[in-house]
Amino acid sequence: MADIDTRLVQCRACPRLVTWREQVARDKRASYRDQDYWGAPVPSFGSADPDILIIGLAPGAHGANRTGRMFTGDRSGDWLFGSLHRVGLAASATSTSREDGQHLDRVRITAAVHCAPPDNKPTPQEGATCAAWLDREVALLAPAVLIPLGGIAWRATLATLSRIGWPVPRPRPAFAHGAEVILAGTVAPTLIIGSYHPSQQNTFTGRLTERMLDAVFLRAREHADASRG
């Protein structure tokens, strides 16, 4: 994983994303004007041998693109790490910087796209270009549970599993919050659980509540515990 992360942060494969992430890092938000922005592809964060792999969409322009760590430094990260902490999967309830002491023993957080996109919307081509990183990560880690956050991450996860030869059902299962798919043909049964993304659009409107997000991670921990035997 360390080798993958090292190569990933040097990637410049998508010109639009390179231009945008670096522009944001130069033209900083006023409240962060004294900070050095990461402004590069954001590597995955957490355990190098996880039971649970969380797959987000892409780094936030002034969140992970600023801090250099997935779901760190914005409201989506506050929701995600708050939930992980409540269910015993994160060392603390906040994630503000790479030096804040946050630690994940059983969880790793990655994304379908590793560079911040304009308007939080990567193009299909950008998603396809970045997919090789997720393919390598899932094939190497083989986690017991995968949790895609949102419909785009759900589809990206199923596509990755198909490409690396895992037994994805046909027709491919539809996304929904709490939707579950068991891949029984793997060495140990692998569980996919869908969750709404903890974006402000979802959390401010009540589409996603703390209780709903906690339930997903509690179910993931339950399955991971059972897989350990």
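Glutamate 126 touches Cys14, Arg16, Leu17 and Val113, with residues up to four places away in sequence not counted; contact means heavy atoms within 4.5 Å. The model is predicted, so local features need pLDDT of at least 70 and side-chain atom pairs count only at pLDDT 80 or more, while totals for chains, interfaces and linings use all residues. Residues are numbered from 1 along each chain as its sequence is written, and side-chain values use heavy atoms, with hydrogens and water left out.

Glutamate 126 sits in helix α5 (residues 124–141); helices (H or I, at least four residues) and strands (E, at least two) are DSSP runs, numbered from the N terminus. Glutamate 126 counts as buried because its relative accessibility is 7%, where buried means under 20% relative accessible area (1.4 Å probe, protein chains only). Its side chain reaches the backbone nitrogen of threonine 123 at 2.8 Å.

A nonpolar core is a set of buried Ala, Val, Leu, Ile, Met, Phe, Trp, Tyr and Cys residues joined through side-chain atoms within 4.5 Å. The largest one has 30 residues, of which Ile52, Ile54, Leu84, Ile109, Val145, Ile147 and Phe217 touch the most other members. Two or more residues of this core come from each of β2 (52–56), α4 (75–86), β3 (107–111), β4 (145–148), β6 (190–193) and α8 (210–228). The most, 5 residues, come from α8. Leucine 84 is in contact with Ile54, Leu89, Ala90, Leu104, Ile109 and Phe217, leaving aside neighbours within four places in sequence. A second, separate core has 25 residues, including Ile55, Leu134, Ala153 and Trp154.

Pockets were located on a 1 Å grid over the protein atoms alone: a pocket is an open set of points where a 1.4 Å probe fits, with protein on both sides within 12 Å along at least five of seven lines, and lining residues have an atom within 4 Å of a point. A volume is the space filled by probe spheres set on the points.

| Pocket | Volume | Lining residues nearest the centre |
|---|---|---|
| Largest | about 860 Å³ | Ser76, Asn120, His197, Ser199, Gln200 |

The lining of the largest pocket takes at least two residues from each of α4, α6 (151–163) and α7 (200–203). In the second largest pocket, α5 and α6 are the elements that give two or more lining residues.

How values were computed. Buried < 20%, exposed > 50% of the residue type's maximum accessible area, 1.4 Å probe, protein only. Polar contact = N/O pair within 3.5 Å; in protein donor to acceptor, adjacent residues only side chain to side chain.
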